[in-house]
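This briefing is arranged by topic for a reader with the sequence and coordinates at hand.

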Amino acid sequence: KFEQGAKVYPVIPDSLKCYENRYELTKVLQSDDEMSHLVCASECVRRDLYGKKFKYFAIANGDRCFCESELPPAKYKRKLNEKCSYRCPRNDKQSCGGPGGIVYFKLEITNTPPESGKYKKKQGAKVYPAIPNSSFECYIDEYLAKPKLKSDNMSHLICATECVRRDLYGRFKYFAIANGDRCFCESELPPAKYKRKLNEKCSYRCPRNDKQSCGGPGGIVYFKLEITNTPPESGKYKKKQGAKVYPAIPNSSFECYIDKYLAKPKLKSDNMSHLVCATECVRRDLYGRFKYFAIANGDRCFCESELPPAKYKRKLNEKCSYRCPRNDKQSCGGPGGIVYFKLEITNTPPESGKYKKKQGAKVYPAIPNSSFECYIDEYLAKPKLKSDNMSHLICATECVRRDLYGRFKYFAIANGDRCFCESELPPAKYKRKLNEKCSYRCPRNDKQSCGGPGELCILNWKSRILLRNQASVRSRHRLCMS
């Protein structure tokens with residue numbers, strides 16, 4: 001009976017040797033979360049019943065296990081803290097190789113389970129980064145190499161954990177974060193001449209924790225790296241790891257200005273809304289430098305500390321009538337106009353409660369079934385849209401998008417591909433029969449009229465948008481107005 005359940009186990013050695021990983025070895029096991037000396041050695045024992053094939057087990061890159069019959073040549077031997085400093089995922093107090101390094105151990109067997117006695121506690125040994133509460137320093141990001149980690153979920157804990165994982169022997173003294181998403185592990189601080197104020201270069205909030213600094217555009221923030229046996233997600237600190245703040249979307253009135261002097265936008269998006277822009281400005285401003293968020297052209301977001309000069313102020317229905325792509329009931333500036341809103345923060349998610357329904361508010365054009373009129377195209381300005389895929393719906397949607405305040409009463413189509421948004425009909429003297437001048441079929445819908453060569457097809461339609469008038473440009477094409 002005893003032979004049926006007979007077991008042998010690896011003897012986990014204390015000594016190890018590090019080599020440069022120059023050879024294409026045959027990997028027997030890979031585990032991102034479970035690798036340790038015991039895991040790899042057990043795999044090699046399992047694969048060698050007769051004990052003559054494998055003399056060593058080896059681990060590289062923190063997660064890859066190899067079973068080998070001999071050591072690499074001596075010339076490839078390296079110091080442990082240079083090439084083999086990665087901690088094992090299953091045991092933070094063991095080396096599991098490193099970037100370009102592989103650690104070798106002698107493979108021996110025993111009848112005593114390694115998870116028994118004092119050794120049991122060591123198998124899952126863990127250490128954690130001690131997230132500093134002390135002040136930190138901001139520097140210009142001038143000379144750093146490739147980041148150790150890049151993550152859209154960055155926080156002090158995420159970066160510090162990565163640096164602890166990569167440094168069993170204590171070579172790294174600092175962890176550092178740049179651009180909100182890049183993590184570095186460093187042995188020293190940059191030269192003092194690169195030091196800057198936190199609110200100038202390191203104001204980006206961490207994606208995982210909105211109350212922490214994660215560097216900024218051209219700035220990198222440094223923190224002291226220390227370890228502890230206490231998990232950072234325990235006790236009072238647990239609540240802080242995922243701390244979040246949100247923009248308070250204002251219901252108060254907002255202001256429209258000519259877009260005269262703004263720099264490069266902080267964000268450009270075809271999915272813009274007040275929430276999208278305000279969230280970006282909150283993300284970029286841990287220290288409260290921005291007082292306003294602003295949107296121009298329907299898709300460009302700016303974060304500003306002050307309003308433009310009063311002389312640039314305009315009426316909303318003149319310059320800021322573009323609807324937001326994400327929310328048709330909000331203004332997102334216009335052609336040459338930018339709309340400003342006060343930037344404030346809150347701990348309440350904007351997508352909760354009654355406000356949730358408003359974030360994706362949509363309006364649509366009502367495509368008319370009524371008769372439409374045909375006119376000679378003599379006096380229209382530049383078209384609002386030109387498309388080889390034109391239809392009544394395409395043109396009407398564009399006019400709705402451009403007119404939050406209801407100045408446009410008609411949409412019109414000419415030459416089969418040009419869309420216009422108008423507040424009134426042309427003079428009666430330009431009116432023509434549909435079958436004479438507006439016989440072009442719409443490319444997107446063959447049963448609809450899209451004007452003709454030199455004529456305009458107009459349908460009666462009410463819009464709820466306002467847009468500035470453009471300079472009149474005479475043309476000789478036919479247009480169908482709806």
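Lys 195 has a relative accessible area of 40%, so Lys 195 is classed as partly exposed. The model discussed here is predicted. The salt bridge count comes to 22, and selected cases are set out below.

**Lys 195 and Glu 137**

- The side chains of Lys 195 and Glu 137 form a salt bridge, with an N to O distance of 2.9 Å.
- Because Lys 195 belongs to strand S14 (residues 195-196) and Glu 137 to strand S10 (residues 137-140), the pair ties together parts that are 58 residues apart in sequence.
- Glu 137 is partly exposed, since its relative accessible area is 26%.

**Lys 431 and Glu 373**

- A salt bridge joins the side chains of Lys 431 and Glu 373, at 2.9 Å from N to O.
- This pair links distant parts of the chain, with Lys 431 in strand S29 (residues 431-432) and Glu 373 in strand S25 (residues 372-376), 58 residues apart.
- Lys 431 is partly exposed at a relative accessible area of 40%, and Glu 373 is partly exposed at 24%.

**Other charged groups**

- Lys 106 makes a salt bridge with Glu 108, in which the closest N and O atoms are 3.9 Å apart; the cut-off for such a pair is 4 Å.
- Lys 106 has 52% relative accessibility and therefore counts as exposed, the limit being over 50%.
- Glu 108 has a relative accessible area of 38% and is therefore partly exposed.
- A network of salt bridges links Glu 20, Arg 22 and Arg 78.

- His 37 is located in helix H1, which covers residues 37-46.
- With a relative accessibility of 5%, His 37 counts as buried.
- A polar atom of the His 37 side chain lies 2.8 Å from the backbone oxygen of Ser 95.
- Leaving aside residues up to four places away in sequence, His 37 touches Ile 12, Phe 57, Ile 59, Cys 88, Gln 94, Ser 95 and Phe 105.

**Helix H7**

- Helix H7 spans residues 274-283 and is mostly covered, with 7 of its 10 residues buried.
- The buried residues of H7 are His 274, Leu 275, Cys 277, Ala 278, Glu 280, Cys 281 and Val 282.
- At the start of H7, the backbone nitrogen of Leu 275 has a side-chain oxygen of Ser 273 within 3.3 Å.

Methods:
Residues are numbered from 1 along each chain as its sequence is written. This is a predicted model: local features need pLDDT of at least 70, side-chain atom pairs count only at pLDDT 80 or more; totals for chains, interfaces and linings use all residues. Side-chain values use heavy atoms; hydrogens and water are left out. Helices (H or I, at least four residues) and strands (E, at least two) are DSSP runs, numbered from the N terminus. Buried means under 20% relative accessible area, exposed over 50%, partly exposed in between (1.4 Å probe, protein chains only). A polar contact is a pair of N or O atoms within 3.5 Å; within protein, one must be able to donate a hydrogen and the other to accept it, and residues adjacent in sequence count only if both atoms are side-chain atoms. Contact means heavy atoms within 4.5 Å.
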